[in-house]
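Here are a few notes to read alongside the model.

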Amino acid sequence: MEVAVADYGVGNLFSISKGLEAAGAKTRIVPDMVALLDADCIVLPGVGAFGAAMGALRPVLPKLRARISSGVPTLGICLGMQLLFDRSEESSGAGLSVLSGEVRRLKIGRIPQMGWNNVEWVEDELFDCVPETSQFYFANSYVCHPAEDIGIATTDYGERFASAVRDDAIVGVQFHPEKSGSPGLKLLSNFISIAEEAQ
Amino acid sequence: MNVIPAIDIKDGNCVQLVGGKPGTEKVKIENVLGVARRWQDSGAEMIHVIDLDSALGTGSNEGLIEMIAGDLSIPVQVGGGVRTADQVQRFFDIGCERVIVGTRAIQDRKFVEDISGQYPDGIVVALDSIAHEVLIKGWQEGSGKDLLELATDLSSLPIFGFLYTNVEVEGRLEGIDPIPIKALRESTEKPLIASGGITSMGDLETLRAMGAHSAVVGMAIYTGRIDFKKAVREFR
């Protein structure tokens, strides 16, 4: 399976591509968002700001929304997870709205959250064979508040928030699996399995 | 507390120096990427990479650092001779998580203000000291500035925190001196990354008790004085 990694024009996408390739996927970094429209599988990486990333996606927005909603396996990481929702306190303007809910700023403690934190998950294929005490690496100031019951993991950082969501083959994780060592790589490989089954 | 392995690079090799002095190599390993992978596989939650050539003005190992940052699946904190905004940006562009700035940060507050504004929580200011004087230029010169005054002053900026290296004990495997670390903890609320001289699990315990955010270990894990795997597990 070839995974299209959206390149909104900021940040380094090498570690995410490498993580996906370690999971057995072929990756293609796509600077032209039109290329997302015929992808088998989409990854929205976690680099940059909400407004800028949505600005890059805007030209293909209605079609991309339709593609993802029609079941093309999609993984949103950190900011990429937030893009899947309706809107964010970070910038004005709509998100992709393939998941309903909104993104709000963390309220308590040192912001951004930068570092390793616990993730408590319910049984889900995304976390298959990930050791139970695993921590994941976070770098975020905002978190998603899903309006529907799609949360599969939570994390506590002054408040409890959804650190992973899944609606069939649409998956979002607030942490960076590509920077979370072996549990993160396992999770990426589980996502690839989910994506393959969805095809 | 995170226990972070140090990878100091000189002439393309992973080295460990005594007191930061060139020519005192106690450890020299050619396969730097292999070393980085080994620490990652041993459970490291972050890698601390210093370009000694860049710090000492004898060259640059940026290509190698780019290879490491791209290859690892854990965050990388990088430093050594970072003196321009362009260098800071390049390190973030190649995927590093935090960039350590020493000399320029000590001499130019405006510079720290600008880059930390641009990369909030991404900049670590290195306070490399002998007694209470902060050193600059790869530990070759004194800055005339006081450790605690600098820490207090720079704490109001959106930097991630401070990397404190006690040059007097660095690389000597004789343990840490808790006094300046305690004083620093009282001077700033920013995260404190401690380095220099950490030799035993007891040193790590002392640092944790003082509230250090993380501990950078070098010589002790390369010489086997600290079992890195065990240390990471115990202090996580």
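This is a predicted model: local features need pLDDT of at least 70, side-chain atom pairs count only at pLDDT 80 or more; totals for chains, interfaces and linings use all residues.

1. Strand β5 (residues 87–88) of chain A runs parallel to β7(A), and two bridges join them; strands here are DSSP runs of E with at least two residues, helices are runs of H or I with at least four, and both are numbered from the N terminus. In this pairing A:R87 stands opposite A:E102 of β7(A).

2. Residues are numbered from 1 along each chain as its sequence is written, and chains are lettered from A and ligands numbered from 1 in the order in which they are written.

3. Is A:V98 buried or exposed? A:V98, in the loop between β6 (91–94) and β7 (101–105) of chain A, counts as buried because it has 21 C-beta neighbours inside 10 Å. The cut-offs are 20 or more other C-beta atoms within 10 Å for buried, 12 or fewer for exposed, and partly exposed in between, with C-beta atoms placed from the backbone. Beyond residues up to four places away in sequence, A:V98 touches A:R65, A:I68, A:S69, A:L84 and A:I170; a contact means C-beta atoms, placed from the backbone, within 7 Å. A:A66 is 32 residues from A:V98 in sequence, with 8.4 Å between their C-alpha atoms.

4. A:A22 belongs to helix α1 (residues 14–22) of chain A. A:A22 is partly exposed, with 15 other C-beta atoms within 10 Å. The C-alpha atoms of A:A22 and A:L64 are separated by 27 Å, and the two residues are 42 apart along the chain.

5. Now to chain B, where strand β5 (residues 76–79) is covered on both faces: B:V76 and B:V78 are buried on one side, B:Q77 and B:G79 on the other. Four bridges join β5(B) to the parallel strand β4 (residues 47–51), and B:I50 stands opposite B:G79. β5(B) also pairs in the parallel sense with β6 (residues 98–101) over two bridges, where B:V78 stands opposite B:V99.

6. Helix α1 (residues 32–41) of chain B has B:V32, B:V35, B:A36, B:W39 and B:Q40 buried. These buried residues line one face of α1(B), because they fall within an arc of 140° seen down its axis; the arc is that of the directions from the helix axis to the C-beta atoms. B:G34 and B:D41, on the other side, are exposed. Just after α1(B), B:G43 takes a positive phi of about 105°.

7. Which residues touch the most other members of the largest nonpolar core? Among its 143 residues they are A:I42, B:I47, B:V99, B:V124, B:V125, B:L127 and B:A215. Helix α5 (residues 181–198) of chain A gives this core its largest share, six residues. Such a core is a set of buried Ala, Val, Leu, Ile, Met, Phe, Trp, Tyr and Cys residues joined through C-beta atoms within 7 Å.

Methods. Two strands pair if DSSP finds at least two bridges between them. Two residues are in contact if their C-beta atoms, placed from the backbone, lie within 7 Å.
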